[in-house]
Amino acid sequence: MISCDERFALPGGATAIVAALLVVLPAAMSGCDKDKESVENDPNRRNGAPVYRLQLQSPVYTIDKIYKSMQGPSDIERMRLGGDSEVEELVWMTGYRAEVTDASGNEPRSAEFMCHSAMDTRDDVYRAKFPTAMRLRGNRLFSVDQGTLENVLPSGFGVPLMSSSDLLVATQVLNHNVEADPFEVRQRVTVEFVRDVDLATPLKPLIQHGIYGLALVDGPDGYMGVAPGSADEKRHGPGCSIAEDVGHPGGLVLDKHGRRFSSFWVVPPGRHTYHTRVTDHLGLPYDTTVHYAAAHLHPFATSLELYDITSSRSVIKLTATASANGTGLAEVESYSSADGAALYAGHEYDLIAEYDNTSRVAQDAMATMLLYVLVRDLEFSKPDGDPAKESIWEQVDAGPLAQKLN
Ligand SMILES: [Cu+2]
């Protein structure tokens with residue numbers, strides 16, 4: 001979904017924003033006499049700081065027929081971690097998850113109806129607050145889907161954010177299998193973060209710097225960004241294979257040499273491997289490390305791999321498992337590591353998606369890898385004032401805060 005959404009511009013005004021319920025759940029304090037290991041494993045603490053959780057519910061969606069990936073009911077809600085508060089506070093986002101529920105929001109429903117849930121902010125506004133040469137990709141902070149219902153960053157790491165930042169949460173549902181009377185579902189989205197003021201030492205900053213797979217629709221060869229005739233397979237990898245575009249608006253990508261690529265393409269029956277040279281898209285300003293990665297894939301995908309062509313080395317390979325019943329993905333691996341996997345600014349990279357279409361008809365494909373890379377050049381000043389005295393969230397210790405967003 002991310003590549004379709006890469007071209008999804010944040011609206012300048014609040015258009016199509018549906019009222020949503022925002023609930024602040026204060027995390028329980030852990031006892032100070034706990035041993036170190038249990039404190040590190042406590043989901044309510046991060047590096048010694050209490051974890052705060054904000055929940056948002058999508059509108060209620062009616063499923064009345066089969067909806068393939070990216071075709072079901074969807075909406076976008078606007079939110080701020082700090083709500084209407086004028087106080088700007090530095091927080092570190094550490095996790096994001098989404099669940100499918102019934103219309104009441106209380107009873108869980110099958111994850112097979114999950115298409116995706118994604119949280120975006122404006123890259124240019126973000127950069128003004130957190131200047132770095134490493135760009136936030138596609139305005140995207142987090143994204144989960146049917147096979148990956150949560151993004152949880154490794155301990156010690158976080159995505160810095162100002163509590164006043166405008167955030168957009170896009171949710172979409174689908175239905176590959178169930179032909180029944182119309183029924184209702186919705187999504188419950190949870191964002192986890194810690195307050196900088198609660199941390200004895202700051203977290204290490206990560207930024208979402210993802211990449212996506214492409215198939216060549218037409219053009220001289222499949223090497224995105226390389227002048228026709230000058231590609232060298234040894235250096236640039238195999239290049240993109242030819243495939244038909246699904247026809248989703250915004251799914252087409254052009255390069256400066258007149259090639260047309262699709263980020264949402266048709267997979268005929270059988271096994272297929274799709275290579276994409278992602279060196280330019282990755283556009284690393286310096287050597288760094290990846291500490292968390294997740295894949296967005298469609299049904300019949302079997303794996304997604306980031307491969308370092310220059311050093312003939314697999315950087316990260318995530319495997320997808322098909323649902324036992326019907327069409328869908330039961331699980332897609334994610335990668336999480338405090339040590340991280342190395343990325344080099346001068347190297348060439350290939351993104352390799354494998355699909356095994358075991359159905360008898362053509363299916364659709366996407367192949368996006370979210371990459372959370374270490375920001376090594378971040379310099380920013382913390383907001384003025386004393387957030388410890390003017391906390392936005394402490395007021396909710398007595399109970400959940402319900403707040404209407406417009
Ligand atoms: Cu998709």
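Four strands, in the order 6-12-8-9, make up an open sheet with antiparallel pairing, where strands are DSSP runs of E of at least two residues and helices are runs of H or I of at least four residues, both numbered from the N terminus, and where two strands count as paired if DSSP finds at least two bridges between them. Strand 6 (74-79) and strand 9 (140-145) stand at the edges of this sheet, and because each has a single partner strand, one side of each is left without a neighbour in the sheet. From one strand to the next the twist averages 15°, the axes being lines fitted to C-alpha atoms, for helices over the stretch in contact, with angles that run from 0 to 180 degrees between N-to-C directions. Within the sheet, strand 8 (residues 114-120) and strand 12 (residues 167-173) are joined in the antiparallel sense over six bridges, and Ala 118 has Ala 170 in strand 12 as its bridge partner.

The structure is a predicted model, in which local features need pLDDT of at least 70 and side-chain atom pairs count only at pLDDT 80 or more, whereas totals for chains, interfaces and linings use all residues. Residues are numbered from 1 along each chain as its sequence is written. The average pLDDT of the chain is 85, and 85% of the residues score at least 70, pLDDT being the predictor's confidence in each residue on a scale from 0 to 100. Over residues 28-34 the pLDDT is below 50, and this stretch has seven contacts in the model beyond near neighbours in sequence; a contact requires that the C-beta atoms of two residues, placed from the backbone, lie within 7 Å. Residues 394-406 also have a pLDDT under 50, and for them the model has 23 contacts beyond four places in sequence. Where pLDDT is low, the predicted coordinates should not be read in detail.

Overall, the secondary structure of the chain comes to five helices and 29 strands. Of the contacts between residues at least 6 apart in sequence, 81% join residues at least 24 apart.

A further open sheet consists of three strands in the order 16-18-17, with antiparallel pairing. Strand 16 (215-218) and strand 17 (252-254) stand at its edges, each with a single partner strand, so one side of each is left without a neighbour in the sheet. Neighbouring strands of this sheet are turned by 40° against each other on average, direction ignored. Three bridges connect strand 17 with strand 18 (residues 260-262) in the antiparallel sense, and Val 253 stands opposite Phe 261 in strand 18.

Two hairpins share strand 23. Strand 22 (residues 301-308) pairs with strand 23 (residues 313-322) in the antiparallel sense over six bridges, with Thr 319 in strand 23 as the bridge partner of Ser 303. This hairpin has four residues between its strands, and Ser 312 takes a positive phi near 45°. Strand 23 is in turn joined by three bridges to strand 24 (residues 329-332), again running antiparallel, and Ala 322 stands opposite Leu 329 in strand 24. Six residues lie between strand 23 and strand 24, and in the turn Gly 326 has a positive phi of about 75°.

Buried residues make up 44% of the 406 residues in the chain; a residue is buried if 20 or more other C-beta atoms, placed from the backbone, lie within 10 Å of its own, exposed if 12 or fewer do, and partly exposed in between. The largest nonpolar core has 97 residues, and those with the most contacts inside it include Leu 206, Ala 293, Leu 297 and Ala 367, such a core being a set of buried Ala, Val, Leu, Ile, Met, Phe, Trp, Tyr and Cys residues joined through C-beta atoms within 7 Å. Strand 7 (residues 90-101) gives the largest share of this core, seven residues. Domain 1 (2-204) and domain 2 (211-374) both give residues to the core, so it lies between them, the domain bounds coming from an automatic or database domain assignment. Leaving aside neighbours within four places in sequence, Ala 367 has contacts that include Tyr 212, Tyr 274, Leu 297 and Leu 351.

Tyr 355, in strand 26 (residues 349-357), is buried, with 25 other C-beta atoms within 10 Å. Beyond four places in sequence, Tyr 355 touches Val 267, His 272, Phe 300, Ala 301, Thr 302 and Ala 365. Gln 363 belongs to strand 27 (residues 363-365) and counts as buried because it has 20 C-beta neighbours inside 10 Å. Although Gln 363 and Val 266 are 97 residues apart along the chain, their C-alpha atoms are separated by 5.8 Å.
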